[in-house]
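Please look at the structure first, then read on.

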Amino acid sequence: MRYLKVLKWMGAGLLAAVLCGVLWVLGRGYWMYRSAVNEAPLAQKIEEIRQKPGFTPLSELPSVYINGVVAVEDHRFYSHHGVDLFAIGRAAWNNLWAGRLAEGGSTITQQLVKNTHLSSKKSFSRKFEEIILALKVEREYTKNQIL
């Protein structure tokens, strides 16, 4: 009976430690998001992309190319709001089996914010930052503007 009580306390302690770790990762990701947005507003980054040599407006790209990019990179692009929980779940499962951060499950929107505002360093905090930014982009821009 005494061992059960000890096991309960150990389990509660482990759960508390995991919860603290998760909260720390989320807080750090949010702080990173705020820093990235304050450093360079999204509208400024998008204007920089449009000014780059070789930028091609979506209207000038063939539909077969656009459909191919969406099919390969994010086939649920038109049905989510910047984050694909199924893709993140699949990536988490694959990462668990690989024993490392092998894939990220990012949407096209998440790839956009990663390439404009974030580093390519793989971490849970950076992934959370990427998710927050992707949700913000999806609120402010249309799917065609994101593409």
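In α5, residues Thr 109, Gln 110, Leu 112, Val 113, Lys 114 and His 117 meet Arg 126, Lys 127, Glu 130, Ile 131, Leu 133, Ala 134, Val 137 and Glu 138 of α6; contact means heavy atoms within 4.5 Å. The residues of this contact divide into six nonpolar, three polar and five charged. Here Ala, Val, Leu, Ile, Met, Phe, Trp, Tyr, Cys and Pro count as nonpolar, Asp, Glu, Lys and Arg as charged, and the others, Gly among them, as polar.

The model is predicted: local features need pLDDT of at least 70, side-chain atom pairs count only at pLDDT 80 or more, and totals for chains, interfaces and linings use all residues. Residues are numbered from 1 along each chain as its sequence is written, and side-chain values use heavy atoms, with hydrogens and water left out.

Helices (H or I, at least four residues) are DSSP runs, numbered from the N terminus. Axes are lines fitted to C-alpha atoms, for helices over the stretch in contact, with angles from 0 to 180 degrees between N-to-C directions.

| Helix pair | Axes come within | Crossing angle |
|---|---|---|
| α5 (residues 108-117) and α6 (residues 124-140) | 8 Å | roughly 110° |
| α2 (residues 42-51) and α5 | 10 Å | roughly 90° |

Leu 42, Lys 45 and Ile 49 of α2 meet Leu 112, Thr 116 and His 117 of α5. That contact holds three nonpolar, two polar and one charged residue.

The protein chain averages a pLDDT (the predictor's confidence in each residue, from 0 to 100) of 82, and 95% of the residues score at least 70.

Terms used:
Helix = DSSP H or I, 4+ residues; strand = E, 2+ residues; numbered from the N terminus.
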